[in-house]
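The report below describes how the secondary structure elements of one protein pack, and then turns to single residues.

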Amino acid sequence: MTRRIFCQKLQIEAQGLEFQPYPGELGQRIFEHISQQAWQQWLDHQTILINEYRLNMLEPTARKFLAVEMEKFLFGEGSEKPAAFVEKPV
């Protein structure tokens, strides 16, 4: 059975995540209030941030940066794309 939630990011009722995607209190909050669609949008945005800023995910500062951006993207005012980022035409 599909779990339905009211997604705080998209402001719609949508399919919830199947499991907590991130540890701790933030992960629980994401599981309870973020849809699969919004989580996929974050994963796409996260990939842009990692690639454009050339983040090394072994470094604690890079992981902390992404955690802050994730919370802003999902629950706050949003996370900006890097200035140098250019969308590729489809």
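## Helix packing and selected residues

Helices α2 and α3 are oblique to each other, a class that takes in the angles left over once those under 35 degrees are counted as roughly parallel, those over 145 as roughly antiparallel and those from 65 to 115 as roughly perpendicular. Their axes come within 11 Å and cross at roughly 140°, where an axis is a line fitted to C-alpha atoms, for helices over the stretch in contact, and the angle runs from 0 to 180 degrees between N-to-C directions. The model is a predicted one, in which local features need pLDDT of at least 70 and side-chain atom pairs count only at pLDDT 80 or more, while totals for chains, interfaces and linings use all residues. Residues are numbered from 1 along each chain as its sequence is written, and side-chain values use heavy atoms, with hydrogens and water left out.

The protein has three helices and two strands, arranged along the sequence in the pattern β-β-α-α-α; helices (H or I, at least four residues) and strands (E, at least two) are DSSP runs numbered from the N terminus. Taken along the principal axes, the box filled by the C-alpha atoms is roughly 40 × 35 × 25 Å. Of the 90 residues, 31% count as buried, a term that means under 20% relative accessible area, with exposed meaning over 50% and partly exposed in between (1.4 Å probe, protein chains only). Among contacts (heavy atoms within 4.5 Å) between residues at least 6 apart in sequence, 51% join residues at least 24 apart.

Two packed helices are described by the angle between their axes and the distance between the axes. The table sets out these values for the two pairs.

| Helix pair | Angle between axes | Distance between axes | Crossing |
|---|---|---|---|
| α1 and α3 | about 25° | 12 Å | left-handed |
| α2 and α3 | roughly 140° | within 11 Å | right-handed |

A crossing is left-handed if the near helix is turned anticlockwise from the far one by less than a right angle, and right-handed if clockwise. In the contact of α2 with α3, the residues A38, W39, Q41, W42, H45, Q46, L49 and I50 of α2 meet L66, E69, M70, F73 and L74 of α3. By class, these residues divide into nine nonpolar, three polar and one charged, where Ala, Val, Leu, Ile, Met, Phe, Trp, Tyr, Cys and Pro count as nonpolar, Asp, Glu, Lys and Arg as charged, and the others, Gly among them, as polar.

Helices α1 and α3, by their angle, are roughly parallel to each other. Here L26, R29, I30 and H33 of α1 meet A67, M70, E71, L74 and F75 of α3, and this contact has six nonpolar, one polar and two charged residues. Within α1, which spans residues 24-33, L26, G27, I30 and F31 are buried. Seen down the axis of α1, these buried residues fall within an arc of 140°, so they line one face of the helix; the arc is that of the directions from the helix axis to the C-beta atoms. Their cover includes α2 (36-52) and α3 (60-75).

Also in α1 is E32, which is partly exposed at a relative accessible area of 39%. From E32 to K9, 23 residues away in sequence, the C-alpha to C-alpha distance is 12 Å.

I48, by contrast, is placed in helix α2 and counts as buried at 15% relative accessibility. With neighbours within four places in sequence left aside, I48 is in contact with Y53, K81, P82 and F85. One of these, P82, lies 34 residues from I48 along the chain, and their C-alpha atoms are separated by 8.1 Å.

Another is R54, whose phi is near 50°; R54 is found in the loop between α2 and α3 and is exposed, with a relative accessible area of 73%.
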